[in-house]
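Hello,

I am passing this structure on to you. Please look through it first; my notes follow below.

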Amino acid sequence: MKKFLAITLAMVLVLAMSIVGCTGEPVAPTKVVLGATLPVTGIFAGFGEQGWGMQKAVDDWNDTYGGMYLSEWDVTVPVELIIKDNQSDPNQVGPQSTDLVVTNKVDALLSPNAPCDLHDPTTAVATDNEVPSIIGGGPFEPWYFGSQGEVTPPYTWFAGFAISFPSGAPRNVPGYTMVDTWFMFMDAVGALSNTNGIAGVFASSDSDGTGWYQSFPALMEDYGLTVVGVNETLGFFPLTTTDYSSIVTAWKDANVEVLWGNCPGAHFGDLIAECYAQDFEPKICLAARAALFPLDVESWGTTPPLGYGVGCEVWWSPAYQVSDGFVGIGNRTAASLAADWAASAGNPPLNRGIGSGYMETQVMLNAIHEAGSLDGAAINAALADTDLDTISGWVNFDPVTHFSAVPLAFGQWFYDSENEDEPFTQYIVASALSEIPEEDSPIFPLPDWWP
Amino acid sequence: MEDFLVGLAPPLIKGILLGGLYVVIALGLSLVFGVMKLINVAHGDLVILGSYFAWAVMGWLGIDPFLSLVAGVPLFFVLGFFVQKFIINRTFRISLDAALIACFGISIIVQNLCQAIWTPFNRSLLTDYRLLTFAVGPLTIQLRYLLDFIGGLAVMLAVRGFLRRTYLGRAISAASQNEPVAERMGINPNRVYSFAFAIAMACAAVAGVLQGLTFSFSPTSGSPFLIISFGVIILGGLGSMAGTFIGGMVFGLTQTLGAYFSGGSLLVQSIAPYLLVFVILSVRPQGIFGR
Amino acid sequence: MSETAVLSIDRVSKHFGGIVAVKDMTFEVQAGEVLGLMGPNGAGKTTLLNIIAGTYSPSSGRVHFCGRDITGLPAHKLCHLGIARTYQIPQPFTSLSARQNILVATEYGGKKAAGMEHDKIFDLVNLSEQKDMPARDLATVSLKRLELARALASNPTLILLDEIAAGSTDAELPRILGIIEEIHKMGKTVVLVEHVMKVMVEAVDRIIVIDKGEKIAEGTPGEVMKDEKVIAAYFG
Ligand SMILES: Nc1ncnc2c1ncn2[C@@H]1O[C@H](COP(=O)(O)OP(=O)(O)O)[C@@H](O)[C@H]1O
Ligand SMILES: [Mg+2]
């Protein structure tokens, strides 16, 4: 009997409390929390350094405005960023995103410019929990067509580049797609007339590489190249591969002069070393993803400098500027962001991901400010209305695809044997946009490995 | 026919030479399993730790990776001895499962330690001679792969000779064959375990140098080599040093020949050895050399 | 416990789950004595040897060796103290040669200095011809001798012999008796488990008969053979 009374009493209490909770005055928020899951460690750690750019944007916002002004409450509260390390493991991205929403109660999610496995699961979490999210990079198609089909996830927005433009895209001018920049480079060096036009392709069997292998060989054929062994999936390899002798032999036998593909930097290092060891040197070598980050390029070695002349897409330039206005938060410019990075602990070489990280955070903060509220739907509506010059281009999302194209250029790695600390520097050698100036002329053919 | 043979020679040579690397990596795993029936799931990570050790010494002091083994092998030996003595032997008192879990723990710790000290980024042992090649008749041999083979053969012979001819080696052999009887003969199993793990770690130090000269590495790149080692051990037969050697050769050859006969397919290259592992397991579960 | 006892078993029992393999066993073995353990199959003889040699620790009771309590000590320590045993089913290290098998026993047996030379041991057990063969290639009879050789190589004070004559032909028995005699002459204490009556009768000073884990008789071979309980256990 006593027990029964106690239980009843407890139930009444809980009920009473929940009623009070419902009808009582809602409390003003004390902070704005953004959350991101990043490959801080693991094979994609180069992508994880975008977290620095994200944090920089949050710091800039707090420093400039003293926090986030929320008009709904008429309060200014500090902005916080929580970054979780998914260790480059796609299986951790979903659970970590959920954890950010459920446990850390983040108000918005940020996803990096990274292989799509590392941001796709966040989209589903954002949709399920009605938490707005921005993916800070591309390419756009694998995300749009791959994981979601034709329906755009309502709470996710994509500010990056495309492989080629989807129909009805917002900017129908060159300089926003991989196809543009790649072929701009190929045109610039006269690839079709100065090489035999025979191309070898390589790609890792993760979703990024698979998507690349499915779409790029056809585009290359359209451009006028002859691609070797696509029907036998020559050059398509599992991530456990370390020995590439068979494909290098096949390319060599087929007289390949253009080498083109997409894989992690570590794998490309072993691949290009095997090319060198077999005395197979193409005239052009384009390595999407692999050649993005200086530490990866350095790891391929300087005896000989295997990264010399290898090219890939470039997401961001410290020179980026529109007229002479500031494009970052407060008086932040692209140049000052790069300078702060260079002066940060360990004086790291430029990682162009910091621009992407900054940009998406900047867009999200702007939307929260416009919404003046932490309500998911309100922020989401503000994101739809975004019209903003950012540190990495003008962002306004397409209402159907949720895509906003940001500028893209093409870079090659230059080697300076005198510079022992940073022997490799990536310079932009092909750009269609005046905001991203070309920094050097293209390297063609690849510098002779064999003296 | 002649053309066929000329085409076949490079993958044959490559497979055998590459097999040498697999042998060195698998030896330590094989030894530990033979003696204490423990699958040391941290072995791949310990090999990578060996790569990092050589890399660090090269960076700080400019010492050649092979020369760094003069310090690396004893250091790893001592480290292995104490890891076994103070961690794994204690977990054995609970159960073999507890020891397996301890190995998982070591794996995670080593990976994170490498991340913390050397960053998650990709590295290679960038020696001047790393990518040298030389011609033997019509064939080109890559130095790094040749070193793998020589290293594999040398380490295998050294471990085998040690097990047969030394006081300690005989105790390890005896304990791995019949532990209760070995103990009855006065052999302290815990000491044998400690030495076996120490030797396995010393092998990992050598394996680390060879692997780092041949391929690039990062803190997480140990696990593929653990899986390859399983394959090598299954092919060669558990606990047999000569068997592990043959297993390594067979594994390497299956990879390169698989790729060769499929027109260069790296998917076939990665799957072929495991198909062979399945076949061997079904017709000769004790391995090619196992008894 | 008497002064000269090398081994003293004090109320020792051993259970395996529900099975009682050894029950409340008490006896002593004097220095230099050859004691025989007899009993039908499953009586608990091997289990008793395993307890003395440290393979099992007893469920209850104490075991003393040369005045020292050795209950529950691990086998390798007991080996170092001076207890050796042979196995009823030979357990060689198959990949090692006969000589290396013995080498292991000498090297790890603890008391290297005073031991017999290997060649003498091989001569004694008649294995000289085969000493460099891998143990896996030896016949069962040879393996039994290797067991003996290995036990001797560790230079024990107390040696436990588990059915070394089982499976031997009548022609071989004198040799086995000779070996036991030789070991006895070296001053070693022997506990012998044996079914072959001839060996029992000729080699031992005293017999203990065990049935269902319990001691049922004790005395000289002549006395024991006349005991009614023994006759009942064996023939009844
Ligand atoms: N490890 C064990 N687990 C369970 N039962 C055992 C074990 N060893 C012996 N026994 C049992 O103990 C009894 C005595 O066995 P044993 O000592 O081998 O007899 P003996 O050597 O006199 O023939 C038997 O019933 C046997 O089945
Ligand atoms: Mg018995």
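Backbone and contact notes

A:Pro304 sits in the loop between helix 12 (294-299) and strand 13 (311-314) of chain A. The model is a predicted one. The peptide bond joining A:Thr303 to A:Pro304 is cis, with omega about -5°. A:Pro445 belongs to the segment after strand 18 (424-430) of chain A. For background, most peptide bonds are trans, and most residues other than glycine have a negative phi.

Two residues of chain A have a positive phi. For A:Ser88, phi is near 65°; this residue lies in the loop between strand 4 (79-85) and helix 4 (90-102) of chain A. A:Ser88 is buried, at a relative accessible area of 11%. For A:His402, phi is near 65°, and its place is the loop between strand 15 (393-395) and strand 16 (403-405) of chain A. A:His402 is buried, with a relative accessible area of 8%.

Next, the contact between chains C and B. Chain C contributes 27 residues and chain B 20 residues. The buried area is about 2000 Å², with 57% from carbon and sulfur atoms. C:His76, C:Phe93 and C:Tyr108 supply 34% of the area that chain C buries against chain B, more than any other three residues.

One salt bridge is counted between these chains: B:Arg170 to C:Glu107, at 2.6 Å from N to O. Eleven residue pairs are in polar contact. On the side of chain C that touches chain B, helix 3 of chain C gives the most, with six residues.

Regards

How values were computed: Residues numbered from 1 in each chain as written. Chains lettered and ligands numbered in written order. Predicted model: local features only at pLDDT ≥ 70, side-chain atom pairs only at ≥ 80, totals over all residues. Heavy atoms only, no water. Contact = heavy atoms within 4.5 Å. Buried area = accessible area lost by both parts, 1.4 Å probe. Salt bridge = Lys/Arg side-chain N within 4 Å of Asp/Glu carboxyl O. Polar contact = N/O pair within 3.5 Å; in protein donor to acceptor, adjacent residues only side chain to side chain. Helix = DSSP H or I, 4+ residues; strand = E, 2+ residues; numbered from the N terminus. Buried < 20%, exposed > 50% of the residue type's maximum accessible area, 1.4 Å probe, protein only.
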